[in-house]
Amino acid sequence: MLSSAWYKGYSRSSFHFFNDAGEWNQMDKAGHIFAAYFEGKYSREMWRWSGLPRKQQIWIGGLSGFAYQSVIEVLDGFSDKWGFSWSDMGANAVGSALLISQELAWDEQRIQLKFSSHPKSYPEGPVREKAKQLFGHTFWERTLKDYNAQTYWVSVNLYSFHKNSTWLPRWLNIAVGYGAEGMYGGRDNTWTDPHGQYYDYNQVRRIRQFYLSPDVDFTRIRTRKKGVRVLFQVLNMMKFPAPALEINSQGGVKLHPIYF
């Protein structure tokens, strides 16, 4: 089912490996870490509700994200367009390990991974056509695929490390984010269109961006309503829009009044 849905339209091949560790300024690796973390987190929550013993909840739930991502990686290995990537597998392992280690040590997630994305416009012409080819046309395709528009966050809950504090809000987090832009291909900004026309946009700098911003841990907002708690779990995947300080790999510093 997954193979026919995800890989429909792409040619198949014998199983092979593919080294993509240097592509997309490692934004795709951040995506793998995030996906494995949250798939494991939600699985762990479901096992918690089932009444399974605590350590079994943690290991079964936590490893499920790694297992699911591993299935996708094996299918990639049979795809002519992609291949089995050890760096992707390493990123999946990091996401699962972050979840499991915190549950075993603290029985809670003091350090969470979050995601944000903003609409990205491209100049009309070859660049816009290339962006459509790479990242899709619809809002949801762009949200999930456009590495130039994404930011991945490590969000730390301050109160969880200072539980005797009388002034720290339980929900207050500090988040460090990573993003990138100026990428029109995995390794460089050159490509050939379907008509054989070659384009070289290497004059566009491929920039890494680092952010510092306050955040909200919705799961620490107290409520007795189960539906609201479930909603807060879902909202906690996303970085709360807030002011952010950006420092990029070109030496630029920028203060965003609101960044998402």
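User: What is the bridge partner of A244 in β8?
Analyst: In β8, A244 has H256 as its bridge partner. This is a predicted model, in which local features need pLDDT of at least 70 and side-chain atom pairs count only at pLDDT 80 or more, while totals for chains, interfaces and linings use all residues. Residues are numbered from 1 along each chain as its sequence is written, and side-chain values use heavy atoms, with hydrogens and water left out.

User: What makes β7 and β8 a pair?
Analyst: Two strands (E runs of at least two residues in DSSP, numbered from the N terminus) pair if DSSP finds at least two bridges between them. Strand β7 (residues 242-248) and strand β8 (residues 253-259) have five bridges, so they pair, in the antiparallel sense. Their hairpin has four residues between the strands, and G251 in this hairpin takes a positive phi near 85°.

User: Which way do β6 and β7 pair, and over how many bridges?
Analyst: β6 and β7 pair in the antiparallel sense, over four bridges. Y211 stands opposite E246 in β7.

User: Why is T151 called buried?
Analyst: Good one to check yourself. Buried means under 20% relative accessible area, exposed means over 50%, and partly exposed is in between (1.4 Å probe, protein chains only). T151 has 1%, which is under the limit, so T151 is buried. You will find T151 in strand β2 (residues 150-157). Leaving out residues up to four places away in sequence, T151 touches K114, F115, S116, G177, Y178, G179, Y211 and Y259, where contact means heavy atoms within 4.5 Å.

User: What makes the link between the side chains of T151 and Y259 a polar contact?
Analyst: Such a contact is a pair of N or O atoms within 3.5 Å; within protein, one must be able to donate a hydrogen and the other to accept it, and residues adjacent in sequence count only if both atoms are side-chain atoms. The T151 and Y259 side chains are joined at 2.7 Å, so the distance is within the limit.

User: Why is A36 called buried?
Analyst: A36 has 0% relative accessibility, so A36 falls under the cut-off and is buried. A36 is found in helix α2 (a helix is an H or I run of at least four residues). Among the residues A36 touches are G65, F66 and N92.

User: Is A131 buried or exposed, and what does A131 touch?
Analyst: A131 has a relative accessible area of 3%, so A131 is buried too. A131 sits in helix α5 (residues 126-135) and touches Y122, G136 and R142, residues up to four places away in sequence not counted.

User: How far apart are A131 and S121 in space?
Analyst: From C-alpha to C-alpha, A131 and S121 are 9.3 Å apart, and ten residues separate them in sequence. For A36 and A180, 144 residues apart along the chain, the C-alpha separation is 21 Å.
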